[in-house]
Amino acid sequence: MSVNQQAHTGPPYGQPQPGYQGYQQPAYGGQPLPGVPQSQYGAYNGPMPGYQQPVPPQGYFPSLGFPSKGSPVSLNSDASSLAPNLIGSLRAPPTSGAPPPASATSLPSSHLAYGQFGHGDVQNGIPASAAPMQRPPASQPFLPGSAPTPVSQTSTFQQYGPPPASVQQLSNHMAGMTIGSTTASAPPPAGLGYGPPTSIPPVSGSLSATGSGLYTPYTASQGPPPTSVSQGLPLAQPPFPGQPISTQRLPTQVPGFAPPPSSTGIGPSSYPPTTGAPRPPTMPGPPLPGQMVAGPPTSQPNHVSSPPPPSATSGPHPGPPMSGLHGPPPPTHPPQPGYQMQQNGSYGQVRGPQPNYGGAYPGTPNYGSQPGQPPPPKRLDPDSIPSPIQVIEDDRSNRGSEPFVTGVRGQVPPLVTTNFLVKDQGNASPRYIRCTSYNIPCTSDMAKQSQVPLAAVIKPLATLPPEETLPYLVDHGESGPVRCNRCKAYMCPFMQFIEGGRRFQCCFCSCVTEVPPHYFQHLDHTGKRVDFYDRPELSMGSYEFLATVDYCKNNKFPSPPAFIFMIDVSYNAVKSGLVRLICEELKSLLDYLPREGNMEESAIRVGFVTYNKVLHFYNVKSSLAQPQMMVVSDVADMFVPLLDGFLVNVNESRTVIASLLDQIPEMFADTRETETVFAPVIQAGLEALKAAECAGKLFIFHTSLPIAEAPGKLKNRDDKKLINTDKEKTLFQPQTNFYNNLAKDCVAQGCCVDLFLFPNQYLDVATLGVVTYQTGGSIYKYAYFQLEIDQDRFLNDLRRDVQKEVGFDAVMRVRTSTGIRATDFFGAFYMSNTTDVEMAGLDCDKTITVEFKHDDKLSEDSGALLQCALLYTSCAGQRRLRIHNLSLNCCTQLADLYRNCETDTLINYLAKYAYRGVLGSPVKTVRDALINQCAQILACYRKNCASPSSAGQLILPECMKLLPVYLNCVLKSDVLQPGLEVTTDDRAYIRQLVTSMDVAETNVFFYPRLLPLTKADVDSDSLPAAIRNSEERLSKGDMYLLENGLNIFVWVGVNVQQGLIQNLFGVSSFSQISNASNTLPVLENPFSKKVRSIVDMLQVQRSRYMKLIIVKQEDKLEMLFKHFLVEDKSLSGGASYVDFLCHMHKEIRQLLS
Ligand SMILES: [Zn+2]
């Protein structure tokens, strides 16, 4: 239990709701766990109840927004204005920058006594440097005469002289450090492990920029004509005869499963139960979502072990025969060097089906068993089973043209794949909150019976398309926002004003609160305040309040945050060109730091650290002619050797910073130091922010497993033998608790850690990622980083990461109306109690998934309400509250639940739930629990909502007809069933990424988008209509693009016309296409332009830059590509969609019998 979420499973049913603990209940104090210190946000109690000083009513004004929207610098324009390769092209400092206005908050905290952070008693050793130690200049204001001066004893201070001298000095310094340390560790041979493109794991990561809104619309002319959902699918009778049901909500009967002549086809009798072990009489229920997955279910004796009767097998896909594609990799294939290296972790060699993974489903012979395979029996027609593409197209046709207006309770929004506009009329936009169901069962019994998890996926700072209005900022002056006296809910459209407007009744807890005099307003004849439409908090679903000092840490308004760039300068980082690349990029990127819309320049200060086994701090104070370096070589008790001059304003220190960034690559050019530390780097950043009394973000660029002697030192514990054992979970767990404790300290300071990893071998992402994860940071991974191949991707990621909208020192609380309660949380954050989600940083791409459970009955009349309140510090240091409200319906009929579900959101929740489960349970147990829960969901529908019919029919609720196909994708994903080349680090990385993904991202991640490029209309801006992810949908004469948010594949069939090949790749034949390139050549013809514009369009939609991989049919790389054809059986043993659907049907029938 070393990752935070494990420790914070929701309290059991029946525990009093936090909001009901009486008037003393601190609003943000939550329920402190024993031993956990009270939140430092004492002020979250909010304003004292009672009358405030009258304050004139304040209007509101549009939020000034974040620079990414408000400033002319968008990511797009950035991409064009910043040359991707800045090496050698020094950028002159902008001369237009006006001198920054002096601001009290942005001044370095020079008034601080040095002893506050210097730790005079710290016993730091003698620096390993051979250079003479110097005292810092006496003029430095952070060294008051009376303060102890440990700096001069424990750190090496070096003045950068004019280049020749200082370089010499630094070289000596570096040499000295090398001698003093690991002379034995020779640098690895250059180029080792740099694989050809085959070494690309699906790890490049992606989070989409915004919610669904940015999906490029498909024009009506492009996709298939709008068809009714029921087309081609015999519809079962409406569940309740006589009950009106919209045509869109009719259940789907999968024809292949019906009608039964039971002796043929995939009928009831064709399932293996008859041949398997006797089934236990009862089916134990799956663990409830909030529970830990326990031991393997005993209910599926024939799930793994019983061989399918020959007649029951669905057989393999009769896809186009391609050599070596269905079978295991031919043993004669010598693995490519890079490919082999990629397997350093979990798979030392390409493996066959794993005992627990392969052939999991009856009717799914795994690929190793083909020789003895029976002739393919009558097969379920893939065209007759629910198609994700059809569902997506139908929703686009039906719902893409009208704006989604949020005024009505319990409305199911359009799918995330539909391009639509949102009009906020009282409920939060689906870009901020999506729910698994918009109609909640009234009782917990109903909820348990259905097994449908009740969850909301919340993205509090989501980016909106330009056509939509940002949340308004409401300023109530010194009195702050109006809140319920008891549960502290914020004023919102659902509060009921009574007694002529003098009091209001809370929609969450029913408590009646006096309206503060300054907030009083008369009611109209309908009981509505007459200023209803003038106040966002009364009429809109989402808005912001300006927070008062009561909402600030230590009752003090915060300083603007700081960014600290911390660059690994060990041998690998220098040799690969990475250090130079980062330094060159930062010179221009620092001009694009986030800023408040009305500010001329960013309020964010910056600082710089480099490190290998020791840390180098830099004084870049504007008054210096040259930057100064200070080395801290005793990493055991990290401190920051300078305060004044470490965090600076970019414009003020422009020339010094530029000089530093020029010098860093030179200083370490000849380094032979291969070892690194890691935890001390984070500690240093944390201490610097503490000393400056601000929140901020660390950007750490790191290359290797930190094996140097230091706190947080790690060992290589990767062990492929653990896969498929009960100990597999340890691969996902951090190897030491050290980082959990460090994360806690970081969260307390508002120190968010973003991690850019460049590994050439295992570096233990599961452990290194802990602080990033728990501070709300982002992790990026570029395995076998090669400058020429990977720099575009890295630089695009870095630019976006530095510029994106982010809030600091954030605390989120989700309040609910009586009857349900938030019980569990998933995402990148830290929790010290059961209710408050704390994030040192929260950016516009991060989501938090919240699960709800009943603690009382709900009523159909009042429905259920959610209010998500996020307290955070803006990039300019303004303390704000962002409020999102959502009202849901409640039902007494299960059919209403099933009619108002959203499968994409359900899958987002289930994936996060499962990915957390692997920390504590064997992977197979987690997979079985998922299958079991979904079977229960569908069985409950069949039993209670569908009309009686033969058990041989598979009847799926219309809103969930894609649940089986999507669930199968989750089960086959690399975390739960790793592909052949996936490393332990890849799995830990993906696990971490998915945990923060929104619904649009999980949707495309688990079911990638496959576009036929050769069908693209070169004269139109639109995308070609997507096709299903199956090899049999591919034609040898076409080219396809597949994207999953991490990678973009361009697949080229062997029979593609030579002209098209020439147009796209600039070569004359198929055989000349190089898959070593990860870009498409810029050619002046319509097809090339069209394909490149599609790629660019997709890149813009995602929050991470996807790696482009060119795959030729029948090439070795094709195996990687096929891993993403998720409707097919996978080489690692994952079932095909058809087979899995049969399996689900069997599970459902077992539950019903
Ligand atoms: Zn209340």
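Four cysteines hold the zinc ion in this predicted model: the protein donors are the SG atoms of C484, C487, C506 and C509, at 2.2 to 2.3 Å from the metal. The angles among these four donor atoms run from 100 to 116°, which makes the site tetrahedral. Along the chain, the donors of the zinc ion are spaced as C-x2-C-x18-C-x2-C. C484 sits in the loop between β9 (472-474) and β10 (496-498), while C506 sits in the loop between β11 (503-505) and β12 (512-514), so this pair ties together parts that are 22 residues apart in sequence.

| Residue | Relative accessible area | Class |
|---|---|---|
| C509 | 6% | buried |
| C583 | 0% | buried |

C509 counts as buried because its relative accessible area of 6% falls under the 20% cut-off. If you are wondering about disulfides, the count comes to zero.

Now let's turn to a proline elsewhere in the chain. Where is P680 found? P680 belongs to helix α15, which covers residues 679-692. Is P680 buried or exposed? With a relative accessible area of 0%, P680 is buried. Which residues is P680 in contact with, leaving aside its neighbours within four places in sequence? The partners are L615, V635, M638, A710 and P711. K713 gives one further reference point: P680 and K713 are 33 residues apart in sequence, and their C-alpha atoms are 9.6 Å apart in space.

Note on methods. Residues numbered from 1 in each chain as written. Predicted model: local features only at pLDDT ≥ 70, side-chain atom pairs only at ≥ 80, totals over all residues. Heavy atoms only, no water. Helix = DSSP H or I, 4+ residues; strand = E, 2+ residues; numbered from the N terminus. Buried < 20%, exposed > 50% of the residue type's maximum accessible area, 1.4 Å probe, protein only. Contact = heavy atoms within 4.5 Å. Disulfide = S-S within 2.5 Å. Donors = N, O, S within 2.8 Å, 3.2 Å for Na, K, Ca; no water. Tetrahedral: all angles 85-135°; square planar, octahedral: opposite > 155°, others 65-115°.
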